[in-house]
Amino acid sequence: MKTKITRNKVVFISLFLGNLIIALLTPYILPERYFNDTITIIFDKGHEIGWFGSYPFVIMFYKLTGLRHLPFFLIALIQFPIVTYILYKIGVPSNFHKLNVKNILVYIALLLLGIYMSMPTKEFITFLLFCTIPFIFQSKRNSLFKIVFSLVLIACFSFFRPYYLLMPIFAVGMYLVSFIKFENKTFSTIFYGIVIAIFLSLSHGVIKGEYISRTTRENYVINNINRNNINTAIVSPISQDTWYGEAFGIVYGFMAVNAPVVEAIKHILSPQVLAFVIWQLLIFYILFVRFSRCLKNRKQYQFELWTLLILFAYFIVQGIFEPDLGTSIRHKIGLFPLIYFALYYENFRKDIRQSI
């Protein structure tokens with residue numbers, strides 16, 4: 001029996017092969033500063049190896065698997081096919097071969113995925129963790145079980161990055177807020193998700209004596225700006241030492257990593273930064289529109305709604321923790337299985353309906 005390969009799969013496979021070549025060449029092309037994390041992972045000069053925390057766990061992973069001893073082109077040859085195959089198993093959209101804004105954004109994301117998977121990286125682990133959520137939603141288990149299990153699983157991912165524990169809190173909070181009748185429910189749901197984040201940060205300040213962003217983003221930015229390591233740092237124009245400064249800083253951080261218009265103006269003469277900004281703006285806009293659609297039809301799109309709640313919860317978390325735009329883009333690529341699933345959920349409706 002002849003197997004017919006459809007055009008959408010031909011394009012998917014072609015993109016894989018093209019980006020695989022780029023992944024193999026990336027270590028020989030990128031400037032040295034792009035490998036700062038990789039050097040830490042390979043050599044572990046700070047003796048951070050362990051099971052809890054992103055750096056300790058990744059160092060342990062690459063040590064136990066022996067991958068840290070391989071040349072980068074072999075690591076690319078292992079990691080990029082794995083993550084691409086996972087996306088293939090989630091599903092290839094029927095119109096993937098057509099040139100439209102959404103597909104082009106995904107083509108670019110696959111290119112970025114090839115670049116980031118060409119070296120030992122924390123994003124490979126992040127990808128493997130969060131790719132479980134679309135498969136859970138596509139499984140044949142009870143609907144409530146799938147939602148609850150996914151949220152609990154994400155909370156368990158906090159062994160890798162502690163702030164993942166905040167994602168289920170924000171997602172559930174926004175879900176409850178979405179039942180309130182607002183004139184613009186989509187905007188209001190996200191807004192009150194940010195309010196929940198501000199409340200948690202201020203509560204942390206009362207209990208611990210220091211706001212959350214001060215212990216993460218601000219300290220990181222100060223240390224790295226002094227070493228000239230980053231040029232897209234997210235620095236609030238208002239000091240975050242006060243409660244109102246912290247509140248403004250979280251809102252500013254959310255906008256900077258998800259709708260970085262200010263960053264575009266700051267780096268108007270940097271084509272690579274503008275490219276990242278445009279990609280981010282379009283991705284955020286499409287997800288926002290889809291979120292609005294799911295809120296209006298929550299029963300029909302319950303799993304898609306929870307996927308988007310989880311994603312926007314992560315975007316809010318980024319508003320607290322992300323130190324610069326480049327890092328925020330890289331971290332979003334780690335969550336690309338969720339973004340991919342959310343962008344094309346209408347193509348997976350048949351499989352999902354069979355499982356309800």
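Tutor: A residue counts as exposed when its relative accessible area is over 50%, as buried when the value is under 20%, and as partly exposed in between. The model here is predicted. In it, H47 has a relative accessible area of 70%, so H47 is exposed.

Student: Where does H47 lie?

Tutor: H47 is in the loop between α2 and α3.

Student: What is there to read in the backbone of H47?

Tutor: Most residues other than glycine have a negative phi. H47 is not a glycine, yet its phi is positive, at about 55°. D44 is another case: its phi is near 45°, again positive in a residue other than glycine. D44 lies in the loop between α2 (36–43) and α3 (54–65).

Student: Is D44 buried or exposed?

Tutor: D44 has a relative accessible area of 10% and is therefore buried. The loop between α2 and α3 also holds G53. G53 is buried too, because its relative accessibility is 18%.

Student: Which residues does G53 touch?

Tutor: Leaving out residues up to four places away in sequence, G53 touches F159 and F160.

Student: Next, salt bridges. How many does the structure hold?

Tutor: Side chains of opposite charge can pair when their charged atoms come close. The structure holds five salt bridges. One of them joins D37 to R330, with the closest N and O atoms 3.1 Å apart. D37 is in helix α2 and R330 in helix α16 (residues 325–334), so this pair ties together parts that are 293 residues apart in sequence.

Student: How do the accessibilities of that pair read?

Tutor: D37 is partly exposed, because its relative accessibility is 23%. R330, at 19%, counts as buried. The cut-off between the two classes is 20%.

Student: Which residue forms a salt bridge with E123?

Tutor: The partner of E123 is R161, and their closest N and O atoms are 3.6 Å apart. This pair links distant parts of the chain: E123 is in helix α6 (residues 122–130), while R161 is in the loop between α8 (143–156) and α9, 38 residues apart. Both ends are buried: E123 has a relative accessibility of 1%, and R161 has 5%.

Student: Which residue is the partner of E346?

Tutor: E346 forms a salt bridge with R290, the closest N and O atoms being 2.8 Å apart. E346 lies in the loop between α17 (336–343) and α18 (349–355), and R290 in helix α14 (residues 271–296), so the bridge ties together parts 56 residues apart in sequence. E346 is partly exposed at 32% relative accessible area, whereas R290 is buried at 7%. Salt bridges that share partners join D37, E123, R161 and R330 into one network.

Student: Which residues do ring pairs link into a cluster?

Tutor: The cluster consists of F12, Y88, F96, Y107, F336, Y340 and Y344.

Student: Last, the surface. Which residues form a nonpolar patch there?

Tutor: I21, L25, Y28, I29 and F73 do, and together they have about 560 Å² of accessible area. Helix α1 (residues 7–29) gives the most to the patch, with four residues. L25 is in helix α1. With a relative accessibility of 43%, L25 counts as partly exposed. That is enough for a patch, because patch residues need over 30% relative accessible area and no salt bridge.

Key: Residues are numbered from 1 along each chain as its sequence is written. This is a predicted model: local features need pLDDT of at least 70, side-chain atom pairs count only at pLDDT 80 or more; totals for chains, interfaces and linings use all residues. Side-chain values use heavy atoms; hydrogens and water are left out. Patches are made of residues with over 30% relative accessible area and no salt bridge: like charges are joined within 9 Å, nonpolar side chains (Val, Leu, Ile, Met, Phe, Trp, Tyr) within 5 Å. Accessible areas come from the Shrake-Rupley method with a 1.4 Å probe; for residues, only the protein chains shown count as cover. A salt bridge is a side-chain nitrogen of Lys or Arg within 4 Å of a carboxyl oxygen of Asp or Glu. Helices (H or I, at least four residues) and strands (E, at least two) are DSSP runs, numbered from the N terminus. Buried means under 20% relative accessible area, exposed over 50%, partly exposed in between (1.4 Å probe, protein chains only). Rings of Phe, Tyr and Trp (its six-membered ring) pair if their centres lie within 6.5 Å; planes under 30 degrees apart count as stacked, over 60 as edge-to-face and the rest as tilted. Contact means heavy atoms within 4.5 Å.
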